[in-house]
Amino acid sequence: MAELDMKNEILNSPTWHDIETSISSGSLPQSIGVILPQNAQYDFLELFLPRVLGGNLSVENLTHPDVIHLVHEDDEPFTPSKKKMPKKAASITNCRKILAELSINPISATCRICVIWNAERLLKPAANSLLKVTEEPPQNGRIIYMSEFDNFIPTIKSRIRLFRFHFAEEILSVSPPQNSTEWASYLSENNKKTREELIEELDAFAHFLSSRGQYSTSCDLANLAKRLDATNAGVTQVKDAVYLLLYKHVPLNYLIEL
């Protein structure tokens with residue numbers, strides 16, 4: 001995919017809309033995780049870092065005095081480049097340096113940001129060493145875990161907010177049920193999809209809605225999928241929640257409270 005196309009894919013996704021809304025409202029947590037293909041991570045950070053650092057700061061080649069790139073010693077000194085991404089996850093030795101780095105007052109931005117590359121490859125001891133700083137970053141510090149897959153250890157996952165990106169060539173753009181007959185089929189016991197398959201299907205529904213300009217509904221559906229994924233909701237609960245949101249237009253906040 002061409003560079004401009006990749007950035008457009010990011011900007012037009014419901015996940016980016018969710019991130020933008022969180023930044024604008026001041027509700028973006030200090031510690032987040034972003035799941036997307038490695039070939040899109042550079043483009044994402046080019047868009048994301050200036051928004052979070054504040055002002056009209058230049059973040060040329062992802063380089064800025066208030067941005068810390070956490071990589072393995074074998075990848076140091078690390079200069080961000082689309083053509084040469086870090087190959088390994090950070091060691092426990094480098095992970096232990098992050099608290100001190102984030103505790104330094106920002107030089108020219110509103111905060112300091114640590115980008116943790118290859119987060120899906122972190123060994124358990126290294127990941128465990130990040131628990132405290134992830135849960136309670138310094139006042140002016142932010143952490144972003146960059147990952148291709150959602151295989152964080154549970155203790156890290158519970159301390160961050162996850163944002164998942166899906167692009168057109170990765171998932172099908174599937175229309176949700178459009179009428180009472182189709183919804184009856186979706187809710188029927190003849191729909192033998194597992195809980196995991198149903199939740200994954202919501203990404204295809206969200207992509208379909210986003211491609212037709214229904215960004216608010218698409219974003220609500222993506223948030224509902226994250227909520228359902230984080231709970232023990234069964235097959236029936238997943239189907240009912242999707243039906244209530246898309247067909248009965250029940251507000252997302254009400255569904256989350258159920």
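Author: C95 is buried, with a relative accessible area of 3%. Here buried means under 20% relative accessible area, exposed means over 50%, and partly exposed is the range in between, computed with a 1.4 Å probe on protein chains only. The model is predicted: local features need pLDDT of at least 70, side-chain atom pairs count only at pLDDT 80 or more, and totals for chains, interfaces and linings use all residues. Residues are numbered from 1 along each chain as its sequence is written, and side-chain values use heavy atoms, with hydrogens and water left out.

A disulfide is in general a covalent bond between the sulfur atoms of two cysteines; the criterion applied is a pair of cysteine sulfur atoms within 2.5 Å. By this rule the count of disulfides is zero.

The strands come next. Helices (H or I, at least four residues) and strands (E, at least two) are DSSP runs, numbered from the N terminus. Two strands are taken to pair if DSSP finds at least two bridges between them. Strand β2 and strand β3 (residues 112–116) run parallel and are joined by four bridges, with V67 standing opposite I113 of β3. Both faces of β2 are covered: V67 and H69 are buried on one side, and I68 and L70 are buried on the other.

Charged pairs are also found. A salt bridge is a side-chain nitrogen of Lys or Arg within 4 Å of a carboxyl oxygen of Asp or Glu, and by this rule there are 13 salt bridges. D66, E101 and R112 are linked in a network of such bridges. Another salt bridge joins D74 to K88, with the closest N and O atoms 2.4 Å apart. Both residues lie in the loop between β2 (67–70) and α4 (92–95), so the pair ties together parts that are 14 residues apart in sequence. D74 is exposed, with a relative accessible area of 51%, while K88 is partly exposed at 38%.

D75 lies in that loop between β2 and α4 as well, and counts as buried at 18% relative accessibility. Leaving aside residues up to four places away in sequence, D75 touches P86, K87 and K88, contact meaning heavy atoms within 4.5 Å.

D150 takes part in two of the salt bridges. With K157, the closest N and O atoms are 3.1 Å apart; K157 is partly exposed, with a relative accessible area of 31%, and D150 is partly exposed at 30%. With R164, the corresponding distance from D150 is 2.5 Å. D150 lies in the loop between β4 (141–147) and α8 (154–157) and R164 in strand β5 (residues 161–164), so this pair ties together parts that are 14 residues apart in sequence.

The aromatic rings complete the account. Rings of Phe, Tyr and Trp (its six-membered ring) pair if their centres lie within 6.5 Å; planes under 30 degrees apart count as stacked, over 60 as edge-to-face and the rest as tilted. A search of the whole structure finds ten aromatic pairs. One of them is the edge-to-face pair of F44 and F165, 5.5 Å centre to centre with 65 degrees between the planes. F44 lies in helix α3 (residues 38–53) and F165 in the loop between β5 and α9 (180–187), so the pair ties together parts that are 121 residues apart in sequence. Both F44 and F165 are buried.

W183 and Y247 form a tilted pair, 6.0 Å centre to centre with 45 degrees between the planes. This pair links distant parts of the chain, since W183 is in helix α9 and Y247 in the loop between α12 (235–246) and α13 (252–257), 64 residues apart. W183 counts as buried at 2% relative accessibility, whereas Y247 is partly exposed at 31%. Together with Y186, F205 and Y243, the residues W183 and Y247 form one aromatic cluster.
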